[in-house]
Amino acid sequence: MDLTLGQAITIKTNLLDQEIEVSGALVGLFPKENNLRLAMTFPQDAPNHAIVTRYIARRRVEIRREIETTYQQAVSQTG
């Protein structure tokens, strides 16, 4: 499948223990190892927008905690 920026796409994925389908415009393609990460935009009134927004908010909190934990461990090891 050929993908181009600006292309309308629909993806199915699992977020927060739910399988969802999201449609939007492709705005980024990022190869990583044997995978391809996609970035897309979609309108706020799109179906499943709230689920995606909640997922992103939770991941941000998790990432901040991981960074803080790693930082605290590094500080405690230095003395």
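Reader: Which residues of α1 are buried?

Author: The model discussed here is a predicted one. A residue counts as buried when its relative accessible area is under 20%. In α1, the residues that are buried are H49, I51 and V52.

Reader: Against which elements do the buried residues of α1 pack?

Author: The residues concerned are H49, I51 and V52, which are buried in α1. The elements against which the buried residues of α1 pack are β1 and β2.

Reader: What is the reach of α1 from its first C-alpha to its last?

Author: α1 has 30 residues, and 1.5 Å a residue gives an expected 44 Å. The reach in the model is close to that expectation, at 44 Å.

Reader: In which sense do β1 and β2 pair, and over how many bridges?

Author: β1 and β2 form a hairpin with 2 residues between them, and L16 in the turn has a positive phi of about 50°. Across the two strands, T13 stands opposite I20 in β2. The pairing of β1 with β2, residues 18-32, is antiparallel, and the number of bridges is 8.

Reader: Which element gives the most to the lining of the largest pocket?

Author: The largest pocket holds about 530 Å³ of space and is lined by 14 residues, with L15, L38, V52, Y55 and I56 nearest its centre. Two or more lining residues come from each of β1 (8-15), β3 (35-41) and α1 (49-78). With 6 residues, the element that gives the most is α1.

Reader: How many residues in the lining of the largest pocket are nonpolar?

Author: By class, the lining has 2 polar and 2 charged residues. The number of nonpolar residues in this lining is 10.

Key
Residues are numbered from 1 along each chain as its sequence is written. This is a predicted model: local features need pLDDT of at least 70, side-chain atom pairs count only at pLDDT 80 or more; totals for chains, interfaces and linings use all residues. Side-chain values use heavy atoms; hydrogens and water are left out. On a 1 Å grid over the protein atoms alone, a cavity is a set of points where a 1.4 Å probe fits but cannot get out, and a pocket is an open set with protein on both sides within 12 Å along at least five of seven lines; lining residues have an atom within 4 Å of a point. Grid points are joined across faces, edges and corners, and a volume is the space filled by probe spheres set on the points. Helices (H or I, at least four residues) and strands (E, at least two) are DSSP runs, numbered from the N terminus. Ala, Val, Leu, Ile, Met, Phe, Trp, Tyr, Cys and Pro count as nonpolar, Asp, Glu, Lys and Arg as charged, and the others, Gly among them, as polar. Two strands pair if DSSP finds at least two bridges between them. The expected span of a helix is 1.5 Å times one less than its number of residues. Buried means under 20% relative accessible area, exposed over 50%, partly exposed in between (1.4 Å probe, protein chains only). Contact means heavy atoms within 4.5 Å.
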